Amino acid sequence: MCSSLVTRQMPEFKLDAYDPVSGKYITVCSDDYKGKWLTVCFYPGDFTFV
Amino acid sequence: MNAASHKFKELGVELLVVSCDTKFSHKRFVETEPLLKDFSLKMAADNKHEMSQAFGVYSENDGVAIRGRFLVNPDGTVLAQEVLTPPVGRNVQEFIRQVEAFMHVAKTGEVCPANWRPGKKTLPVNTDAEKMTGKVGEYIALEEILS
């Protein structure tokens with residue numbers, strides 16, 4: 001099977017998160033984005049910005 | 001991505017950034033880093049590495065998520081992905097071009113050739129394969145594609 005995620009269903013997720021707009025800790029999950037266009041960006045780590 | 005967040009809002013695209021740090025680290029990072037003064041994107045804390053592994057961007061060697069970017073449509077299908085090793089940052093303009101092209105395709109069913117930007121020529125809906133095979137150049141010139 002192709003190892004790329006392209007053309008496949010996005011994996012489900014549910015994680016703790018920080019929302020800088022409200023300044024609050026929240027939970028985000030894949031279901032929040034049903035019916036919406038979404039971009040997910042991974043980066044190596046806080047305090048190591050590129 | 002954050003600097004262009006107004007553009008994504010205009011296009012109607014949600015943004016989520018993810019690293020393997022905790023939510024506490026995310027908060028501290030936003031509060032202390034001058035570059036993040038107006039940062040507005042939700043930051044997911046994948047400190048158990050589950051999401052990074054599911055998306056295929058977890059680096060076992062370094063214990064971090066490598067730089068992966070995924071575009072997902074409203075049906076939940078992944079339309080595009082770009083994965084870079086850590087030392088090089090992304091180009092948001094190229095990504096916006098791709099988002100606009102994918103949205104155009106979703107709306108019209110037309111096909112966007114190389115270098116397509118809004119306003120440029122697309123290939124028609126319900127293309128007659130017999131007529132077009134080996135003859136795309138009669139429909140769109142190389143100069144038009146490269147412009």
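This is a predicted model: local features need pLDDT of at least 70, side-chain atom pairs count only at pLDDT 80 or more; totals for chains, interfaces and linings use all residues.
Reader: What makes the pair B:Lys23 and A:Asp16 a salt bridge?

Author: The N to O distance between their side chains is 3.9 Å. A salt bridge requires a Lys or Arg nitrogen within 4 Å of a carboxyl oxygen of Asp or Glu, so the pair qualifies.

Reader: Why is this pair said to join two chains?

Author: B:Lys23 belongs to helix 2 (residues 23–32) of chain B, while A:Asp16 belongs to strand 1 (residues 14–19) of chain A, so the pair joins two chains.

Reader: Are B:Lys23 and A:Asp16 buried or partly exposed?

Author: B:Lys23 has a relative accessible area of 19%. Buried means under 20%, so B:Lys23 is buried. A:Asp16, at 38%, counts as partly exposed.

Reader: What makes A:Asp31 and A:Lys34 a salt bridge, and how is each partner classed for exposure?

Author: The closest N and O atoms of A:Asp31 and A:Lys34 are 3.4 Å apart. That value lies within 4 Å, so the pair is a salt bridge. A:Asp31 has 46% relative accessibility and counts as partly exposed. A:Lys34 has 62%, and the term exposed applies over 50%, so A:Lys34 counts as exposed.

Reader: What is the N to O distance for B:Lys7 and B:Glu100, and why is this pair said to tie together parts of chain B?

Author: Their side chains meet in a salt bridge at 3.4 Å, N to O. B:Lys7 is in helix 1 (residues 5–11) and B:Glu100 is in helix 4 (residues 92–108) of chain B, so the pair ties together parts that are 93 residues apart in sequence. Salt bridges that share partners also join B:Lys7, B:Glu10 and B:Glu100 into one network.

Reader: What makes the link between A:Asp46 and B:His26 a polar contact, and which other residues does A:Asp46 touch?

Author: The side chains of A:Asp46 and B:His26 are joined at 2.9 Å. Polar contacts are counted within 3.5 Å, so this value meets the distance limit. Leaving aside neighbours within four places in sequence, A:Asp46 is in contact with residues of chain B including B:Ser19, B:Asp21, B:Thr22, B:Phe29 and B:Met43.

Reader: How many helices and strands does chain B have, and why is chain B called more spread out than a compact globule?

Author: Chain B has seven helices and six strands. Its radius of gyration is 19 Å, well over the 15 Å that the globule rule gives for 147 residues, so chain B is more spread out than a compact globule. The C-alpha trace of chain B spans about 60 × 30 × 30 Å along its principal axes.

Reader: What percentage of chain B counts as buried?

Author: Of its 147 residues, 39% count as buried.

Notes:
Residues are numbered from 1 along each chain as its sequence is written. Chains are lettered from A and ligands numbered from 1 in the order in which they are written. Side-chain values use heavy atoms; hydrogens and water are left out. A polar contact is a pair of N or O atoms within 3.5 Å; within protein, one must be able to donate a hydrogen and the other to accept it, and residues adjacent in sequence count only if both atoms are side-chain atoms. Contact means heavy atoms within 4.5 Å. Helices (H or I, at least four residues) and strands (E, at least two) are DSSP runs, numbered from the N terminus. The radius of gyration is taken over C-alpha atoms; the globule rule is 2.2 Å times the number of residues to the power 0.38. Buried means under 20% relative accessible area, exposed over 50%, partly exposed in between (1.4 Å probe, protein chains only).
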